[in-house]
Amino acid sequence: MLGIGAYRPQRLVSNAEVCEVLDSTPEWIFERTGVKNRRWISGDETLRTLAAAAGERAIVNSGIDRSKIGTLVLATSSWLTLTPHGAPQVAYDLGLNGIAAFDLTSGCGGFGYALGVAADLIRAGSAEYVLVIGAETMTVGLDPTDRGTAMIFGDGAGAVVVGPSEENGISPTVWGSDGENASAIMQDVDFLEYMHRAQAMQGTDPAVEPIGRMSLRMEGPKVFRWAAVTLPRALADAIEVSGVAKEDIEVFVPHQANARINELMKKNLGLADDIPMANDIENTGNTSAASIPLAMEEMLVTGKAKGGQLALLLGFGAGLSYAGQVVTLPPAPAEPSFAVGESE
């Protein structure tokens, strides 16, 4: 990874503000999730503008001439249309019109999947430099009264430029999925049903349920149990295939889903207590595919981690799926997404 960039929406939303609608308390939310604040889009901010801003910062911070970037991978589950997909439009916004550009949807593990694909494209000779962007506007599909999701999610975007190196800086990806438990994180209505209800309501059919809002639902306890069993093994496998020893890991950057899950993973893996672990969830929330690059950027900007250190990454969530790598961290960004100390 040659450069990293991020964009955090301007609006900071506290637990107290969430509880104006949600039946909960700020203290309970923090105790159960580790979240105090989260960022939500406002004004003219959209998924497209977030992704382009993060991508631009990554390109600038990498020092690579943008004309050398031949591929853009956009990891997202919240782009609002299947056709057209988002990556070509983001590439156009970045002055990269004409390059290979595609979306990758794998929920909260999306960035890990995209990073693995980018590294393998370069190893295979199909690309020289790849821009990987994880971007989400999770609040577009949130029910603000749902205790399972409303308190957790936020919006944001993070990006990295991936390119060739004399020494391997991205290990092979360890990834997997569990479709048997896929319904633990899902939309409450599929697109065809949503369209059917909308069309029926135009005819004021009293037998048709009101359309409402298509929202994300999550069975938190079920996901927690799956994570507790599956992820420690995935982390151990990621270290094994990387060829480094567990003692060589200097930074731990798990997906920012839940602070309790992250602490449990670190403990079960047997990482040393003094190894820095990302805790961007506290003031950013769970940003799905954007969470890992945002967390890396926060650690680099605040000095909790340094460029060149070995970091263990693991993303997990909808699917249910996961993806992890051992990576060499990119240099600290010259153009960060926030001023040092702002996230405190």
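Biologist: In what sense do strand β12 and strand β13 pair, and over how many bridges?

Modeller: Keep in mind that this is a predicted model. Strand β12 covers residues 310-317 and strand β13 covers residues 321-328. They pair in the antiparallel sense, over 8 bridges.

Biologist: Which residue in β13 does Ala311 stand opposite?

Modeller: Val327.

Biologist: What is the strand order in the open sheet?

Modeller: The order is β8-β13-β12-β11, so that makes 4 strands, with mixed pairing. From one strand to the next, the twist averages 10°.

Biologist: Which strands does helix α5 touch?

Modeller: Helix α5, residues 110-124, packs on the sheet and touches β8, β12 and β13. Its direction makes about 55° with that of β13.

Biologist: And what does helix α7 lie across?

Modeller: Helix α7, residues 220-242, lies across β8, β11, β12 and β13. It runs at about 35° to β13.

Biologist: New topic. Is Asn15 buried or exposed?

Modeller: Buried, because its relative accessible area is 5%, and the cut-off is under 20%. Asn15 lies in helix α1, residues 15-18.

Biologist: What lies 2.7 Å from a polar atom of its side chain?

Modeller: The backbone oxygen of Val35.

Biologist: Which residues is Asn15 in contact with, leaving aside neighbours within four places in sequence?

Modeller: Val35 again, plus Pro26, Ile29, Phe30, Lys36, Asn37 and Arg38.

Key: Residues numbered from 1 in each chain as written. Predicted model: local features only at pLDDT ≥ 70, side-chain atom pairs only at ≥ 80, totals over all residues. Heavy atoms only, no water. Helix = DSSP H or I, 4+ residues; strand = E, 2+ residues; numbered from the N terminus. Buried < 20%, exposed > 50% of the residue type's maximum accessible area, 1.4 Å probe, protein only. Polar contact = N/O pair within 3.5 Å; in protein donor to acceptor, adjacent residues only side chain to side chain. Contact = heavy atoms within 4.5 Å. Pairing = 2+ DSSP bridges. Axes fitted to C-alpha atoms, helices over the stretch in contact; angles between N-to-C directions.
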